[in-house]
Amino acid sequence: MVLNPVISKLAGKLVVLASASPRRLEILRSAGLRFEVVPSWFKETLDKGLFKAPYEYAVETAKQKALEVARRMPFKHLKTPDIVIGADTIVTVDGMILEKPVDKHDAYRMLSSLSGKEHSVFTGVAIVLCHEKENEEVDYQLIDFYEETKVKFADLSEDMLWEYINSGEPMDKAGGYGIQALGGMLVDTSSRSDSLATSVPTQPPSSSQALLSHNSSSIPRPSSPCDSQRLHTQITPTASPAHKVKREDSESESSQTLVNSTSKHTDNRKVKLHDNATLPLVTRRGQVVEPTRGDLERICELMDGFKASKALFTASKLCLFDLLHSRPGLDAAQVAQEIKASAKGTECLLEACVSLGLLKSTEKACQKPVYENADLATDFLRSDASFSLHGYLQHCNETMWPLFSHLESAVQEGTSQREKAFSKHMLQATSTSSREGKLRFMKAMHNIAKITGKTIATAFDLSTYKSACDLGGCTGALAYEFTEAHPGLSVTVFDLPAVVELNEFFRPQHPDNRVSFVAGDFLKDELPKADLYILARILHDLPDEKVHILLSKIADACTAGCGLLLSEIFLDEDRRGPSRGLLQALSMSEGKQRSATEYSLLLKSHGFITAHIRHTDNLLDAMLCIKA
């Protein structure tokens, strides 16, 4: 109830938590705050020696986390948050700052140093208030503070230490423990001091008060003390100094004062925004928390993912979605007869596809269920759909599936497993050197280009360019999207002779005469002249040596002001996603997946300056660079 004034003031505001910590999520949700989660990419590599006090390090790290998200969201997520909350927790003992352990031995080192001692847990909190200006610039107003909790550990035996470490709980927590669950058994509850055993403020002086300061210059403390309740941990409220908040704008700097982050007016209803303590303390000594339904569903999705993929590939190969598009309402026996498969197998496949949301079934009284395509199948899985993935699914089934069946060997050896995955005969059939293999690969690339083409072609203003060259442009699907989006642009597709010969199979019904095809090898032959060069899904598949050869050739062909449009899956800067790019890397091709920053630096080394980066909601991202 005490948070209602804050919550009402935040109605309609985009509040973002710059952390994926389950504990921080739980705290804000329990406070009734509506917010989005955007984990920060800031790498926690600040030099601890530069900070006079441990809390300064925690506050600065929290500040950098929040600012990174606030600055990234307008570009990555195409929306500006109103408020970004960042937090960082550290444990300090004997003048040392302990963060998250890197492995079990590091966890042992940390926990051993805490055994039998009192230590401090500092949580730094930073709140960034974002103000959009008319010129699309953003001003950032910053509020930061910290809280300190003192905790004393019991004398820990080797057996207890290793039992706790082997539970896995220490590995993602500052200081190597979390007090809410199994870590509670490490705390010394035998000695309590009246001067230390206190509870914490009624009004959380952390995020809620700071957020309220968005609309008021100061926040009153509770006017009267409340009854206190002793806690099992030893907690010393340490009054933080008041922190000044500066708004960075071109006119002036104004400051606001935030009240101390702890108060002597206390009761037992405080929740703290850090990983190590949630108050009031609930200790579950030796009790293992049962897995949640959400966790079980997620892990089952991962375990059964290969089955779902193979069911999709099989249904596509048997042209099941084409059949049910032309003849909806067939029962399992009728489908089995049409696809020349067993009744039992067909029925199992149909039911699996219904469970995956690919088909719909209708059952009438005293009749067998009949089947039809769901919207997903109609839009993407028919071979004649405008955005069909039928060819790409064939490629996945015939080429990627066998490769990933040898993933253990690929990981151990760090090389592609094509020779193990395919017999000599199959290797010839699946290779792009065979006509069948070429067509299957081209169909796959054509499908991806049809889905991503419009997004890439319209990502940037290309009105200053009159001619473009799509290097490795395959079927020309992307080139046609560019000419449709930019009436003044002509595009030359430059690809291998064998690929150009087969483009007639993919030519649109009414081809644009501004798209032309030139045969050649972009690593060996002279490149066609153009104002703009397009590289879509090329660099990730090439080894570094060939990447530099290609970029050098493009740079030589360009004059100052020429453009290079790159389209790839851009990895997150911390390389934690997107999973599509990271899973694709497991095929162990000669190339590598990169982040937008890595691509920018790569292109900069060849004289191209990044002008714009666009993270899309499609399968590929885009970057426009200009030749210096």
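This is a short tour of selected spots in the structure, stop by stop. The model is predicted.

**Stop 1: helix α4**

Select residues 104-114, which form helix α4. Color D106, A107, M110, L111, S113 and L114; these residues are buried. They cover an arc of only 160° around the axis, which puts them on the same side of α4. Now show what they touch.

Next, look at the two ends of α4. At its start, show D103 and H105: a side-chain oxygen of D103 comes to within 3.2 Å of the backbone nitrogen of H105. Just after the helix, pick G116, which has a positive phi of about 75°.

**Stop 2: the loop between β3 and β4**

Stay in this region and select D94, found in the loop between β3 and β4. D94 is not a glycine, yet its phi is positive, at about 55°. Is D94 buried or exposed? Its relative accessibility is 59%, so D94 counts as exposed.

**Stop 3: K65 and D88**

Show the side chains of K65 and D88. They form a salt bridge, with the closest N and O atoms 3.1 Å apart. K65 sits in helix α3 (residues 54-76) and D88 in strand β3, so the pair ties together parts that are 23 residues apart in sequence. Both K65 and D88 are buried. A search of the whole structure finds 22 salt bridges. Further examples come up below.

**Stop 4: helix α7**

Move to α7, residues 293-317. Select L296, which lies in this helix. Together with L296 they make a nonpolar surface patch of about 380 Å². L296 has 43% relative accessibility, so this residue counts as partly exposed.

Now go to K317. Which residue does K317 pair with in a salt bridge? The partner is E398, and the closest N and O atoms are 3.1 Å apart. K317 is exposed, with a relative accessible area of 52%. E398 has 26% relative accessibility and counts as partly exposed.

**Stop 5**

Select E598 and R575. Their side chains meet in a salt bridge, 3.2 Å from N to O. E598 is in helix α21 (residues 596-604), while R575 is in the loop between β18 (563-568) and α20 (579-584), so the pair ties together parts that are 23 residues apart in sequence. E598 is partly exposed, with a relative accessible area of 35%. R575 is partly exposed too, at 41%.

Follow the chain to P578, which lies in the loop between β18 and α20. What kind of peptide bond joins G577 and P578? The bond is cis, with omega at about -10°.

**Stop 6**

Select R537, found in the loop between β17 (532-536) and α19 (544-557). R537 has a positive phi of about 55° although it is not a glycine.

Finish with D544, K592 and R594. Display their side chains together: the three residues are linked in a network of salt bridges.

Methods:
Residues are numbered from 1 along each chain as its sequence is written. This is a predicted model: local features need pLDDT of at least 70, side-chain atom pairs count only at pLDDT 80 or more; totals for chains, interfaces and linings use all residues. Side-chain values use heavy atoms; hydrogens and water are left out. Buried means under 20% relative accessible area, exposed over 50%, partly exposed in between (1.4 Å probe, protein chains only). Helices (H or I, at least four residues) and strands (E, at least two) are DSSP runs, numbered from the N terminus. The arc is that of the directions from the helix axis to the C-beta atoms. A polar contact is a pair of N or O atoms within 3.5 Å; within protein, one must be able to donate a hydrogen and the other to accept it, and residues adjacent in sequence count only if both atoms are side-chain atoms. Patches are made of residues with over 30% relative accessible area and no salt bridge: like charges are joined within 9 Å, nonpolar side chains (Val, Leu, Ile, Met, Phe, Trp, Tyr) within 5 Å. Accessible areas come from the Shrake-Rupley method with a 1.4 Å probe; for residues, only the protein chains shown count as cover. A salt bridge is a side-chain nitrogen of Lys or Arg within 4 Å of a carboxyl oxygen of Asp or Glu.
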